Amino acid sequence: MKTYSVKEIAELLNTNPETVRRWIRSGKLEAIQDSRKEGNVVTQAMLDSFLKTTPKYAGALVAGGMIAGPLVGLTTLAAGVMAGALTDKVLKDRDALEKAKVAPSELKKLLYEEIRKSEMLISGKKKSIRQLEKEIETEQQRIDETKKLIDAIEGTRKETTHEQ
């Protein structure tokens, strides 16, 4: 059974060891502490469980070639990729992709799906922007009309004052 120290996990996930300790204290990452001197030990299963609930870090293991087969699902991997955890190294290093135990065609299909979802979000946001621009234009027209009305009232009041 493969185990990791706090320091090893911090290096794998490119984070501070104190962050890993905080995850352990909060219960987010399960760990075993046989002795205070030895510190916390995390098994592969415990690490995989953490990664499934924290997809931001799943891609970091791909970058290091550490994914163990199907233990990290494609959806977790995709979320990790989209969160930016999959670095340039993986994109340039074919060996890292092969070690990931995920067929490149499946990864490519998943990434295209993420692109499609992002494009749909962008399209929706652009539509919202156009709607907001129309609402702003309508409000600006109301303001302009109200200012003209104020000017007309002030002009009438000045004429009345001069006539008296």
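Analyst: Let's begin with N14. Keep in mind that this is a predicted model. N14 has a relative accessibility of 71%, which is over the 50% cut-off, so N14 counts as exposed.

User: Thanks! Where does N14 lie, and what is its phi?

Analyst: N14 lies in the loop between α1 and α2. Although N14 is not a glycine, its phi is positive, with a value of about 55°.

User: Let's zoom out. What pattern does the protein follow along the sequence?

Analyst: The secondary structure comes to eight helices and two strands. Read along the sequence, these elements follow the pattern β-α-α-β-α-α-α-α-α-α.

User: How much of the protein counts as buried, and how much of the accessible surface belongs to carbon and sulfur atoms?

Analyst: The protein has 164 residues, and 29% of them count as buried. Its accessible surface comes to about 11800 Å². The share of that surface belonging to carbon and sulfur atoms is 53%.

User: How are the rings of W23 and F50 placed, stacked or tilted?

Analyst: The count of aromatic pairs comes to one. A pair of aromatic rings is described by the distance of the centres and the angle of the planes. For W23 and F50 the centres are 4.7 Å apart and the planes are at 40°, which falls between the 30 and 60 degree cut-offs, so the pair is tilted.

User: Which parts does the pair of W23 and F50 tie together?

Analyst: W23 is buried, and so is F50. Because W23 lies in helix α2 and F50 in helix α3, their pair ties together parts that are 27 residues apart in sequence: α2 and α3.

User: How do the buried residues of α2 fall around its axis?

Analyst: The buried residues of α2 are T19, V20, W23 and I24. Seen down the axis of α2, they fall within an arc of 145°, so they line one face of the helix. On the other side of α2, R25 and S26 are exposed. The face with the buried residues packs against α1, β2 and α3.

User: What happens at the N-terminal end of α2 and just after this helix?

Analyst: N16 caps the N-terminal end of α2, with a side-chain oxygen 2.8 Å from the backbone nitrogen of E18. Just after α2 comes G27, whose phi is positive, at about 90°.

User: Now A31. Is it buried, partly exposed or exposed, and which residues is it in contact with?

Analyst: A31 is found in the loop between α2 and β2 (41-43). Its relative accessibility is 25%, between the 20% and 50% cut-offs, so A31 counts as partly exposed. Leaving aside neighbours within four places in sequence, A31 is in contact with I24, N40, V41, V42 and M46.

User: How far apart in space are A31 and Y4?

Analyst: A31 and Y4 are 27 residues apart in sequence. From C-alpha to C-alpha, their separation in space is 9.5 Å.

User: Which side chain makes a polar contact with the side chain of Q44?

Analyst: Q44 lies in helix α3. With a relative accessible area of 13%, under the 20% cut-off, Q44 is buried. The side chain of Q44 makes a polar contact, at 2.6 Å, with the side chain of Y4.

Conventions
Residues are numbered from 1 along each chain as its sequence is written. This is a predicted model: local features need pLDDT of at least 70, side-chain atom pairs count only at pLDDT 80 or more; totals for chains, interfaces and linings use all residues. Side-chain values use heavy atoms; hydrogens and water are left out. Helices (H or I, at least four residues) and strands (E, at least two) are DSSP runs, numbered from the N terminus. Buried means under 20% relative accessible area, exposed over 50%, partly exposed in between (1.4 Å probe, protein chains only). Rings of Phe, Tyr and Trp (its six-membered ring) pair if their centres lie within 6.5 Å; planes under 30 degrees apart count as stacked, over 60 as edge-to-face and the rest as tilted. Contact means heavy atoms within 4.5 Å. A polar contact is a pair of N or O atoms within 3.5 Å; within protein, one must be able to donate a hydrogen and the other to accept it, and residues adjacent in sequence count only if both atoms are side-chain atoms. The arc is that of the directions from the helix axis to the C-beta atoms. Accessible areas come from the Shrake-Rupley method with a 1.4 Å probe; for residues, only the protein chains shown count as cover.
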